[in-house]
Protein chains: 2
Amino acid sequence: MIRSVILLMVLGSVLLTHPAHGARKREEQNIKTVVEFYEKAINQKDFEAASKYMGPRYTQHNPMAANGPGGLKDFIQFLRTKYPGSHSEIKRVLADGDYVVLHVHAVREPGARSSAIIDIFKLENGKIVEHWDVTQEIPEKAANANGMF
Amino acid sequence: MIRSVILLMVLGSVLLTHPAHGARKREEQNIKTVVEFYEKAINQKDFEAASKYMGPRYTQHNPMAANGPGGLKDFIQFLRTKYPGSHSEIKRVLADGDYVVLHVHAVREPGARSSAIIDIFKLENGKIVEHWDVTQEIPEKAANANGMF
């Protein structure tokens, strides 16, 4: 009986400390970090709140934004001034290791054509350190009826 | 001694059959499937070879392509006719469960402006059944020196 209990305890700890199990837990934490960061930065347009999720660098690959945290700060200021009512809805979130992918529907102004965006964020030690994205205006007419999301 | 051997065998089988371990193995197989499919379809422009990786449906979200396998066939024919020398280089591959993400540099014609594309593929039973993408022309000048990849 005691041996069975010990065996079960050993098996349980092996399951919970399996490298793949720990990896998925980190991915889930990374997803939480990126989704909160995105909400603060892009929808609430609050750089101070967003900056808490950022690491010591912020390597920017969006060609419209300057490198570093300052580039994000300027971009958020641009949104506050030019598109204060803009809103981005996250349609899909994926995670692989240090990377988190967001598939987003972005509306800059009511009535204007909206965009499909896919963002990739890289994290180090649980903080966001790098960002890539691709943006495409959603056309009025499409060759299929499935929508872009 | 025999008990220790049995314990080790049990631990080993628990590690190898851990759900997270199996999940990562499937993700690696999905990556292989999507990368091979992409190479056959977009670079070799060989619909017959590409279609072996597709499931019973192919739900298309790219607004320029018709739904289903026939839409992909027509798109490949369009590439063969209009851009026979087009080439797409996969810069980054990510996987999460049934989804595979490709970050791609696409060149349609030598000398023309190239594009950054992020594709998302969904797989069911190891076959590709759904596709989303977002495409952006790479601008001549950027606000940072990091490139789009």
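This is a predicted model: local features need pLDDT of at least 70, side-chain atom pairs count only at pLDDT 80 or more; totals for chains, interfaces and linings use all residues.
Five strands of chain A form an open sheet in the order β1-β5-β4-β3-β2, and their pairing is mixed. The edges of this sheet are taken by β1 (54-60) and β2 of chain A, each of which pairs on one side only. On average, neighbouring strands of the sheet are turned by 25° against each other when direction is ignored. The parallel part of the pairing includes β1(A) and strand β5 (residues 127-137) of chain A, which are joined by three bridges, and in this pair Met54(A) has Ile128(A) of β5(A) as its bridge partner.

The antiparallel sense is found between β2(A) and β3(A), which pair over nine bridges; Glu89(A) stands opposite His105(A), a residue of β3(A). These two strands, β2(A) and β3(A), form a hairpin with two residues between them, and Gly97(A) in the turn has a positive phi of about 60°. Helix α2 of chain A, made of residues 19-43, lies across β1, β2, β3, β4 (115-124) and β5 of chain A, and runs at about 160° to β2(A).

In chain B, an open sheet of five strands is likewise described by the order β1-β5-β4-β3-β2, with mixed pairing. Because β1 (54-60) and β2 of chain B stand at the edges and have a single partner strand each, one side of each is left without a neighbour in the sheet. From one strand to the next, the twist of this sheet averages 25°. An antiparallel pair within the sheet is formed by β4(B) and strand β5 (residues 127-137) of chain B, which are joined by ten bridges; here Glu124(B) has Lys127(B) in β5(B) as its bridge partner. Helix α2 of chain B, spanning residues 19-43, lies across β1, β2, β3, β4 and β5 of chain B, with a direction at about 160° to β2(B).

Several loop residues of chain B were also examined. Most residues other than glycine have a negative phi. Lys45(B), although it is not a glycine, has a positive phi of about 55°, and this residue is placed in the loop between α2 and α3 (47-51) of chain B. The relative accessibility of Lys45(B) is 4%, and Lys45(B) therefore counts as buried. A positive phi, near 50°, is also found for Asn125(B), again a residue other than glycine, which has its place in the loop between β4 and β5 of chain B. With a relative accessible area of 81%, however, Asn125(B) is exposed.

A further loop of chain B, between β3 (99-107) and β4 (115-124), contains Pro110(B). Pro110(B) has a relative accessible area of 78%, and since exposed residues are those over 50%, Pro110(B) is therefore exposed. Between the C-alpha atoms of Pro110(B) and His131(B), which are 21 residues apart in sequence, the distance in space is 27 Å.

Rolling a probe the size of a water molecule over the atoms shows where empty space is left. The structure holds one cavity of 30 Å³ or more, and about 40 Å³ of space lies in the largest cavity. The lining of this cavity is drawn from both chains: Leu94(A), Ala95(A), Asp96(A), Tyr99(A) and Val101(A) take part, together with Leu94(B), Ala95(B), Asp96(B), Tyr99(B), Val100(B) and Val101(B). At least two lining residues are supplied by each of the strands β2 (87-96) and β3 (99-107) of chain A and β2 (87-96) and β3 of chain B. By class, the lining of the largest cavity has nine nonpolar and two charged residues, and no polar ones.

How values were computed
Residues are numbered from 1 along each chain as its sequence is written. Chains are lettered from A and ligands numbered from 1 in the order in which they are written. Side-chain values use heavy atoms; hydrogens and water are left out. Helices (H or I, at least four residues) and strands (E, at least two) are DSSP runs, numbered from the N terminus. Buried means under 20% relative accessible area, exposed over 50%, partly exposed in between (1.4 Å probe, protein chains only). On a 1 Å grid over the protein atoms alone, a cavity is a set of points where a 1.4 Å probe fits but cannot get out, and a pocket is an open set with protein on both sides within 12 Å along at least five of seven lines; lining residues have an atom within 4 Å of a point. Grid points are joined across faces, edges and corners, and a volume is the space filled by probe spheres set on the points. Ala, Val, Leu, Ile, Met, Phe, Trp, Tyr, Cys and Pro count as nonpolar, Asp, Glu, Lys and Arg as charged, and the others, Gly among them, as polar. Two strands pair if DSSP finds at least two bridges between them. Axes are lines fitted to C-alpha atoms, for helices over the stretch in contact, and angles run from 0 to 180 degrees between N-to-C directions. Contact means heavy atoms within 4.5 Å.
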